[in-house]
2 protein chains.
Amino acid sequence: MNGKSTTTRTKLERGRSALGPALELVHTGRAPTRAVLTSELGVTRATAGAVAAELEALGLIKVDSSPGSAAGSQGRPSHRLSVRDSGPVVLAAQVHADGFRAALVGLGGRIVATVPGCVAVMADPAQVLGEVVEAGAQLLRESGLRCVGAGLAVPSAVAEPEGTALNPLHIAWPAGAPVRDIFSACVRAAGINGPAFTGNDVNLTALAEHRHGAGRGAQHLLCVATGHRGVGGALVLDGRLHSGSSGLALEVGHLTVNAEGRPCHCGGRGCLDVETDPLAFLTAARREPGPEESLLKQSGDLLRAEYGDPAVRAAAEELIDRLGLGLAGLVNILNPDRIILGGLHRDLLEADPERLRAVVADRSLWGRSGSVPILACTLDHNSLVGAAELAWQPVLDDPLAALA
Amino acid sequence: MNGKSTTTRTKLERGRSALGPALELVHTGRAPTRAVLTSELGVTRATAGAVAAELEALGLIKVDSSPGSAAGSQGRPSHRLSVRDSGPVVLAAQVHADGFRAALVGLGGRIVATVPGCVAVMADPAQVLGEVVEAGAQLLRESGLRCVGAGLAVPSAVAEPEGTALNPLHIAWPAGAPVRDIFSACVRAAGINGPAFTGNDVNLTALAEHRHGAGRGAQHLLCVATGHRGVGGALVLDGRLHSGSSGLALEVGHLTVNAEGRPCHCGGRGCLDVETDPLAFLTAARREPGPEESLLKQSGDLLRAEYGDPAVRAAAEELIDRLGLGLAGLVNILNPDRIILGGLHRDLLEADPERLRAVVADRSLWGRSGSVPILACTLDHNSLVGAAELAWQPVLDDPLAALA
DNA sequence: CACGGTTTGTTCACTCATGGCACAAAGTGC
DNA sequence: GCACTTTGTGCCATGAGTGAACAAACCGTG
């Protein structure tokens, strides 16, 4: 009379199958009310009601039925759905050239608490990640919230399925460092629950922007960003990150964008990487590059503050033209329906949006593709939020299993 | 390439949900027996049995229970599954520079009947497609089989969602011709049942090779092929064709592969398109190009018959190096786990596989990605079979609804 | 302020795909 | 022949989801 199920079959732990999609809709803000949830899921009102009630019982969302607020249209007002404030969180961490940042991120990409750690990044990933995770664990203790996973963003390609960082150049880690294993070990050592994930920062930026920022609603979202050195890219297809068969997709830095350009370490010349990064900009603008970590900031400030300066403007236009050529090449290959730019590329876009759009339209094959919207990244700490998305994914896929 | 696989599923027409996946497994040859089907679907034997029985009742597959054939292993031999011989077919058609071909294609990519029509392709798409469809309808009448749809492959990018051919250059059709609408109209006029689809021939080649040829089992399959003029590409991700947001993805012809190369009509120079097509090969080998339609054949024959000739060999090696550079660029962007080559590119691969693989490995960023397997297309009439796949897709997605 | 009209939430019986079992069937090896 | 293994089949339980009827909450209008 007691043991109904002894063996843990796969299907036994399967909950309501619409649970995951429903949570994702609330998570991404596409289901503000239960009525919208019903139509978005394509189920009956009864089912949507049961699903919403179950998600509320799990402590993930809030179903607000009381308020006689501004309805606008006629008919009975629908219950409003939102992410629960004091629901579970994930630990998100980000490592970059200037240091690290740890945060607690709730559903909806909401940063609950964050602390920027300002260590000078050292060559030992284990030590750095230990500090990052400890900072996150401290936040977690202070908050008293439940943690369901952890995610880490690193400025390097991450090979699948090994989880090794292939080119963590500007954080001076050894190439091939097993960052995923190290991060997982740190997370476990800190007593944090849930699985741990690691990904490339530009990939995670794209993921975050797709779910909560400028990429919302795009079906084929291309993201290109410059960090301190080098160029990264990412592609989100139908809501899922496309990182290739071994995690190395969208290494777009070595598209040729200037046949007479400077030689690149890859063996070619005129690569996007060396033609559109902050160092290239400062050089073209005939400014003295400062210390490496601040190249990005230095470039952005210069671009915003002194765009009137002919040398700065000429340098910017040169880079915009190169960037446009690279983007046009990617448009021809990937045919995205939206492009978002980060880092210096974002600053270049904002300096002269029309010029960039014109170059892309002119150099991509079809007028249609050329009219791809090009937008700037909008989220603060987008790769941090992206790292959190990584950790949230199991919950979105199967809330019952992930919270069990 | 027509309907974007409507995600808004109306539960009314929902049959057994495992029906589609099961049919796809049999269709692609990945479920030779019912036992394999059971494990591949991840369901119980009872369910797999019911699904197989239902597919058999629908006249789509054959369940072979009798044979006491060579089992090999111990235990009760499983029923063998195969595509039914006299089951429904789709009408597949292909238009190319030398004429057209029409065929009836069953499940499993089996060409039941075919007729090569050898018209000189004229400037009027309606007339050509009318002839093609009529040839197919004739085959259909002779066979007496049931037709559940039609698919067409054209040597041009096909814009979505309009279904217009953007660059049907070597068949002398007007750019922007509404090929899908024309084809659909012809199919309806011929009294053929089922929906009609139209797609780019290289895309369809990739789809066919993925399901029945050299691309089987690949998760991220990149296909690059040269026809008579120009280069086309295609990408199959997780079994579905990726054709971008408006059908124009993988227009790979204008990757720069030779900084000092000849100018291209796209505005750049040294594009893959003009550096690795049959005309480029013949020119490099200092041979007199014949009439346009036979450039491809002429090149292939030359490559196979006279590879000992120093001029031919040098030309081939030059093209292989250029092609390798282009493929390496695509590897960096797409990170496929397999590459298949068609047309002249296939001939180049077979002329010197090691050289091509070495170039790709050398010029792609990571050793891992460099070791991507590069294979030749294997199917006869692969774009024809791919066109059939397009027409089969609704049946694979939902057999009950599609056959109703 | 009662009135229909509209939209949404809720309850309940019903459907049906699937899991879980027990048992039968069909092979191999000794 | 007999154990053993593997697969097919019949039957019941489960549970997610539907569909329809009803209740609730808001709008307007007179």
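Where is B:Pro161 placed? Select B:Pro161: its place is in the loop between strand 7 (158–159) and strand 8 (164–165) of chain B. Helices (H or I, at least four residues) and strands (E, at least two) are DSSP runs, numbered from the N terminus.

Before moving on, a note on the model. This is a predicted model, in which local features need pLDDT of at least 70 and side-chain atom pairs count only at pLDDT 80 or more, while totals for chains, interfaces and linings use all residues. Residues are numbered from 1 along each chain as its sequence is written, chains are lettered from A and ligands numbered from 1 in the order in which they are written, and side-chain values use heavy atoms, with hydrogens and water left out.

**Stop 1: the prolines**

The peptide bond from B:Glu160 to B:Pro161 is cis, with omega near 0 degrees. Now switch to chain A. A:Glu160 and A:Pro161 are joined by a cis peptide bond, with omega about -5 degrees. A:Pro161 sits in the loop between strand 7 (158–159) and strand 8 (164–165) of chain A. Most residues other than glycine have a negative phi, and most peptide bonds are trans.

**Stop 2: A:His381**

Stay in chain A and select A:His381. Its phi is near 55 degrees, a positive value in a residue other than glycine. A:His381 belongs to the loop between strand 14 (374–376) and helix 14 (382–397) of chain A.

**Stop 3: two helices in chain A**

Select residues 295–305 and 343–351 of chain A. These are helix 9 and helix 11, packed at an angle of about 5 degrees with their axes 10 Å apart. Helix 9 of chain A is therefore roughly parallel to helix 11 of chain A. Axes are lines fitted to C-alpha atoms, for helices over the stretch in contact, and angles run from 0 to 180 degrees between N-to-C directions. Angles under 35 degrees count as roughly parallel, over 145 as roughly antiparallel, 65 to 115 as roughly perpendicular and the rest as oblique.

**Stop 4: two helices in chain B**

Select residues 19–27 and 45–57 of chain B. The axes of helix 1 and helix 3 come within 10 Å and cross at roughly 75 degrees. That makes helix 1 of chain B roughly perpendicular to helix 3 of chain B. Here B:Leu19, B:Ala22 and B:Leu23 of helix 1 meet B:Val51, B:Glu54 and B:Leu55 of helix 3.

**Stop 5: where the chains meet**

Show both chains. Chain B puts 40 residues into the contact and chain A 39 residues. Together they bury about 3,100 Å², 60% of it on carbon and sulfur atoms. Buried area is the accessible area (1.4 Å probe) that two parts lose on being put together, summed over both.

Finish on helix 10 (residues 310–334) of chain A and helix 10 of chain B. They pack at an angle of about 80 degrees, with their axes 12 Å apart. The two helices are therefore roughly perpendicular to each other. Select A:Leu330, A:Ile333 and A:Leu334: they meet B:Leu330, B:Ile333 and B:Leu334.

Methods. Contact means heavy atoms within 4.5 Å.
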